[in-house]
Amino acid sequence: MQHHVEESAKGGHNELFWYGLFAAGGVLTAFVVPIHVLINNLAAPLGLVPVETIGYERMARLVAHPLVKVYLFALIALGLFHWAHRFRYVLIDLGVMGARELIAVLAYGSAIAGTVIGAILLLRVT
Amino acid sequence: MSAQTVTLTVTRYRPEQEDRPTQQSYAVPYDEDLVVLDALNFIKDELDGSLSYRWSCRMGICGSCGMMVNGTPKLTCSAFLRDYYPNEIVVEPLTNFPIIRDLVIDMSDFIVKLGRMQPWIVPAQEKPLSEGEYRQTPAQVEQYRQFSMCINCMLCYAACPVYGMEPLFIGPAALALAHRYNMDSRDAGRAARLQEVIGSEGIAECTYVGECTVVCPKHVDPAAAIQRTKVVATADYYRSLLMPWAKSPR
Amino acid sequence: MIEAPPELKLYRRPMARAWWLKNRRYTLYMLREISSVFIGVWIVLFLVQLAQLGSGREAYQGFVAGFLRSPIVIILNLAIFVFVMVHSITWNQLTGVIQVVRIGDRELPSRYVAGGAFATWLVASLVIAAVMLAA
């Protein structure tokens with residue numbers, strides 16, 4: 001019984017690690033993603049606000065700022081880990097029982113990859 | 001009494017004579033203050049003494065009479081016929097549990113899981129009787145009171161799709177019970193309980209569907225208990241990871 | 001798990017694959033969870049935008065004019081917007097239930113905690129909008 005609990009607890013600590021990232025990502029994305037989508041992906045492309053809002057000058061200047069880089073990195077990283085954890089459980093809910101470990105590796109792996117790519121892309125903008 | 005009747009269609013399963021469950025319909029008297037349990041008792045007393053089901057207090061406190069009524073987990077002593085009349089009422093054993101006979105399910109898995117939660121006060125130090133009783137302010141009681149209202153009726157397990165798909169899942173009522181003790185100011189057993197519940201059979205498996213809370217007849221809100229446990233456990237874990245020198249609150 | 005004696009001949013009912021279609025709350029739960037996919041999609045779109053930004057003016061302006069403004073992408077982003085709103089609304093509501101805020105002896109009712117989350121959402125959105133529109 002003790003061995004079972006210890007094994008379970010070690011796996012449990014891993015679960016808590018991913019859950020923490022999921023929760024932080026959930027909070028951040030809940031607060032900021034809608035406004036980003038609204039302005040960056042809808043209002044500006046549709047001309048409801050001046051298209052220059054997401055124009056090259058403005059965006060390059062904003063993203064060049066170190067604080068903006070830090071903010072965007074947090075948003076990308078935590079948002080991807082939020083997606084990965086939740087998507088993993090959507091697949092489990094949909095009955096994809098067999099490949100649980102593989103799904104976890106693919107989901108968190110893509111989140112890690114996306115985070116690294118995000119860091120590289122952010123550093124590219126000077 | 002009026003001569004109105006309503007049809008009850010109940011699950012029958014007699015393992016000694018069949019391999020799978022069937023259904024049987026009975027016409028029972030209808031009255032606006034009768035409940036489904038009254039209808040079952042009428043069937044057993046007057047129509048078919050072989051029907052098996054559990055019940056006891058008939059007033060919503062013992063937790064014995066949980067069954068599926070038209071697909072929803074309910075205490076049959078608290079499900080009024082008038083809410084279904086004149087439509088057929090389908091009564092089935094609680095979902096996600098193996099059937100022993102007719103409407104009786106095997107709850108041994110649930111009982112074991114309750115026990116794994118160490119559902120008793122684990123004091124920081126054993127106090128001799130001479131030192132007197134533990135004292136709590138009303139505010140301290142309020143912190144766990146809601147979660148202490150569980151009557152072990154298992155409606156939440158029937159409602160939980162995670163338990164349905166993963167039989168190893170500890171489940172809503174047991175996890176709410178752990179939270180009840182973790183929040184009790186007399187208790188110091190949180191660390192040990194968390195070890196038991198943070199594994200993949202525990203809080204990690206819950207995805208906050210929330211149906212357990214919807215069906216609970218005692219408003220325990222097991223879903224909230226589980227999410228709060230996740231927050232506490234995660235905070236404890238990250239604290240130990242990022243600030244190993246810091247002492248955990250309890 | 002306790003193993004029941006085999007002579008009991010317990011009957012185990014199979015679980016429905018599409019259990020989440022069985023009642024409205026299960027279905028709404030599934031839609032709520034799927035909102036995370038749209039968060040992921042938006043981040044990928046944003047990563048592409050960042051890549052174009054780092055590739056110079058022509059590449060970036062081509063991306064905005066050719067890709068972001070194309071009707072199919074606009075429709076995709078409308079869907080994204082709906083689902084990220086679902087995420088924000090449900091997340092802030094549930095924060096009220098999950099996050100216990102203690103003031104002295106008593107617990108703040110969950111609707112105030114949720115209200116605080118919604119207020120933070122509003123303030124954060126206004127700040128970001130201000131930065132984006134006024135920069």
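**Close-up 1. Where chain C meets chain A in this predicted model.** Here 41 residues of chain C are in contact with 43 residues of chain A. Sort the side of chain C that touches chain A by class and you get 27 nonpolar, 10 polar and four charged residues.

**Close-up 2. Helix 3 of chain A against helix 1 of chain C.** Zooming in on one helix pair, the axes of helix 3 (residues 66-93) of chain A and helix 1 of chain C come within 8 Å and cross at roughly 145°. The crossing is left-handed. From helix 3 of chain A, look for A:Ile76, A:Gly79, A:Leu80, A:His82, A:Trp83, A:Arg86, A:Phe87 and A:Val90. They meet C:Glu33, C:Ile34, C:Ser36, C:Val37, C:Ile39, C:Gly40, C:Ile43 and C:Leu47 in helix 1 of chain C. By class, this helix-to-helix contact has 10 nonpolar, four polar and two charged residues.

**Close-up 3. Where chain B meets chain C.** For this pair of chains, 24 residues of chain B are in contact with 19 residues of chain C. Several chain B elements each put in at least two residues: strand 6 (99-101), helix 2 (108-116), helix 5 (161-165), helix 8 (211-215) and helix 9 (222-242). Helix 9 of chain B supplies the largest share of the side of chain B that touches chain C, at four residues. By class, that side of chain B has 14 nonpolar, five polar and five charged residues.

**Close-up 4. A five-stranded open sheet in chain B.** Trace the strands across the sheet and the order reads 2-1-5-3-4, with mixed pairing. The edges are strand 2 (22-29) and strand 4 (72-75) of chain B, each of which pairs on one side only. On average, neighbouring strands of this sheet are turned by 35° against each other, direction ignored.

**Close-up 5. Strands 1 and 5 of chain B, and the helix on the sheet.** Strand 1 (residues 5-12) and strand 5 (residues 89-92) of chain B pair in the parallel sense over three bridges.

Key
Residues are numbered from 1 along each chain as its sequence is written. Chains are lettered from A and ligands numbered from 1 in the order in which they are written. This is a predicted model: local features need pLDDT of at least 70, side-chain atom pairs count only at pLDDT 80 or more; totals for chains, interfaces and linings use all residues. Two strands pair if DSSP finds at least two bridges between them. Axes are lines fitted to C-alpha atoms, for helices over the stretch in contact, and angles run from 0 to 180 degrees between N-to-C directions. Two residues are in contact if their C-beta atoms, placed from the backbone, lie within 7 Å. Ala, Val, Leu, Ile, Met, Phe, Trp, Tyr, Cys and Pro count as nonpolar, Asp, Glu, Lys and Arg as charged, and the others, Gly among them, as polar. A crossing is left-handed if the near helix is turned anticlockwise from the far one by less than a right angle, and right-handed if clockwise.
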